[in-house]
Amino acid sequence: MRFVQFEDKGQTKIGLETEIDGNILDLSKNVGFNYKNMVEFLYGGDKSLEAAIRAVKSGVPSVERSQVRLLAPVTHPDKVICIGMNYRDHCEEQGAPLPIEPVIFNKFPSTIVGPYDNILYPDVTQVDTTRNQSR
């Protein structure tokens, strides 16, 4: 079970996916569930979770996953801070020594896309499309 952010008929909504690749319970269909996006929902803490539980218990309708577009879990973040080389396997795969301290780097918020969205590259970017990215 996981919370998801999705787009339905041009509106961003919060939903609950109860099984992998299953339909999505549209939590916004419950009276009193007034969260416009996942960030707002997360900032609500326990109050948000209680609203989600009430929505599920009320029997909110589900939408077919094929009829909506899943969005990134969090859209439009202020910043994205990443930790790199934090898995031994990844370091070995890269032929890199294990770092003594975490490798911290940032990415621009525009790098956040949904799970099935295309990754857009500026025209000046050189992309090696022959490399297998599915490791």
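User: Where is Arg65 found?

Analyst: This is a predicted model, in which local features need pLDDT of at least 70 and side-chain atom pairs count only at pLDDT 80 or more, while totals for chains, interfaces and linings use all residues. Residues are numbered from 1 along each chain as its sequence is written, and side-chain values use heavy atoms, with hydrogens and water left out. Strands (E, at least two residues) and helices (H or I, at least four) are DSSP runs numbered from the N terminus. Arg65 lies in the loop between strand S4 (62-63) and strand S5 (69-70).

User: Is Arg65 buried or exposed?

Analyst: Buried means under 20% relative accessible area, exposed over 50%, and partly exposed in between, with a 1.4 Å probe and protein chains only. Arg65 has 13%, so it is buried.

User: Which residues does Arg65 touch, beyond those up to four places away in sequence?

Analyst: Contact means heavy atoms within 4.5 Å. The residues touched by Arg65, not counting those up to four places away in sequence, include Arg2, Glu17, Asp21, Ile24 and Tyr116.

User: Which residues make up the largest nonpolar core?

Analyst: In soluble globular proteins, nonpolar side chains tend to be buried together. A nonpolar core is a set of buried Ala, Val, Leu, Ile, Met, Phe, Trp, Tyr and Cys residues joined through side-chain atoms within 4.5 Å. The largest one here has twelve residues, among them Ile14, Leu27, Phe41 and Val60. Strand S2 (11-17), helix H1 (38-43) and helix H2 (45-57) each supply at least two of its residues. H2 gives the most, with three. A second, separate core of six residues includes Val4, Phe6, Ile24 and Leu70.
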